[in-house]
Amino acid sequence: MRRISTKESSVSMKNHRMNLHQIAEIGFQEFQTKAYLYEQVKNCGAVVHEVGETGLVLYFDNQKEKTIAFRTDIDALPILEETGLPFASKREGFMHACGHDGHMAMLLGLTDYIAKNREKMKYNIVLIYQPSEEIAGGAKSILDSGLLQHYQVQAIFGFHLWPTLEEGAVFSKSGPLMAQSSETDIQIFGKSAHIASSSEGIDSLEVAVRLMSEIYDYEKKLPEEMLHLLKFGEIHGGVIRNVLAQEVTIKGSIRSYSPLHQQEIKDSLRKIANRFEEEFQAKIEFIYNDGYPAVLNNSELFDKIKSISTLRVLEHPVLQAEDFGVYTEHFPCVFFFLGVGDVPALHNPKFDFNMDVLDNGLEFYKALLEIENY
């Protein structure tokens, strides 16, 4: 991997990353993180808006016709760190295990670059330091502030560090990049009875097992072009071995890249459940927590930036979800992955990365600033 930022900005970003890593805080509680960020940007020459208690939005008025935006997330995860790093989190039980400390460091690097080179800027620029990506509501809080609309933002860009992809390389694609997520609970209500008198009850555990099998058979028949995920990771029911379970809950997730496909899967599950209710006389309810919408990169915007020589086109979208999808519902956007190579997975207590990749992320941000005519 070739490092291409200036030495000064490289050292600064690494220091920011290490400092921020030590003060990891979860969504909407990033008070110390916000204070650190504010201290870095308060004299950068931008108009600084505070959004809620922990969000920041910066506006550089460069007297240009158009405005573009760049976004970072700032929250961490409730994970006990196991990296052994000298700059490990000082807040036990909380960790930047998803790379948001790196995302912030890159945007701070970009903030500094813009502040020092405003005469070169082709656009007015909005920088979004967004709270609570991991817990739903962070992107919505920025949208609800009205600032992006007020500044007439034409395009929004963002980065995510990504394990398994080549270290230091930037990847993206037109159209679907990350999935919509619907966390799904299926509640099955039967009738408790001793197993010796099972004919007097309704075995919700049997219904659950048969229902899951039917759902998985349905999922296997979905067309290959309907990119999706339909899986369950938990099943809970019963209190004792010789009594029929009164209630069973199955927990899983539905993911796809289209609201229509998402609804089609939900409707099909309901039809299957209706048959089971009739056959077994059980009651079946679905509870959906419809989280982030899919991250859909704008095709016209992507066509304008694909000339950047360091951009690599990702062949397939991923099934992970990200609340950057909230922005893609309202504005032309492109989201990017910055490869960090063979490292522990995101959300792993041992997650870490080579900080030299931050240089490449900053240089790519700079290249985005040079594109004409967003």
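A: Start with Lys 266, which lies in helix α7 (residues 259-280). Helices here are DSSP runs of H or I with at least four residues, numbered from the N terminus. The model is predicted: local features need pLDDT of at least 70, side-chain atom pairs count only at pLDDT 80 or more, and totals for chains, interfaces and linings use all residues. Residues are numbered from 1 along each chain as its sequence is written, and side-chain values use heavy atoms, with hydrogens and water left out.

Q: Is Lys 266 buried or exposed?

A: Buried means under 20% relative accessible area, exposed over 50%, and partly exposed in between (1.4 Å probe, protein chains only). Lys 266 has a relative accessible area of 10%, so this residue is buried.

Q: What does Lys 266 touch?

A: Contact means heavy atoms within 4.5 Å. Leaving out residues up to four places away in sequence, Lys 266 touches Ser 182, Ile 254, Tyr 288 and Asp 290.

Q: How do I describe two packed helices?

A: Give the angle between their axes and the distance between the axes. Axes are lines fitted to C-alpha atoms, for helices over the stretch in contact; angles run from 0 to 180 degrees between N-to-C directions. Take helix α1 (residues 7-21) and helix α3 (residues 100-116): their axes come within 8 Å and cross at roughly 140 degrees.

Q: How does α1 cross α10?

A: The axes of α1 and helix α10 (residues 357-370) come within 9 Å, at roughly 115 degrees. That makes α1 roughly perpendicular to α10. Ser 9, Ser 10, Met 13 and Arg 17 in α1 meet Leu 358, Asp 359 and Leu 362 in α10.

Q: Which residues touch the most other members of the largest nonpolar core?

A: A nonpolar core is a set of buried Ala, Val, Leu, Ile, Met, Phe, Trp, Tyr and Cys residues joined through side-chain atoms within 4.5 Å. The largest has 60 residues; Phe 70, Phe 157 and Ile 305 touch the most other members. α3 gives the most to this core, with eight residues. Apart from it lies another core of 30 residues, including Val 126 and Phe 337.

Conventions:
Helix = DSSP H or I, 4+ residues; strand = E, 2+ residues; numbered from the N terminus. Parallel < 35°, antiparallel > 145°, perpendicular 65-115°, else oblique.
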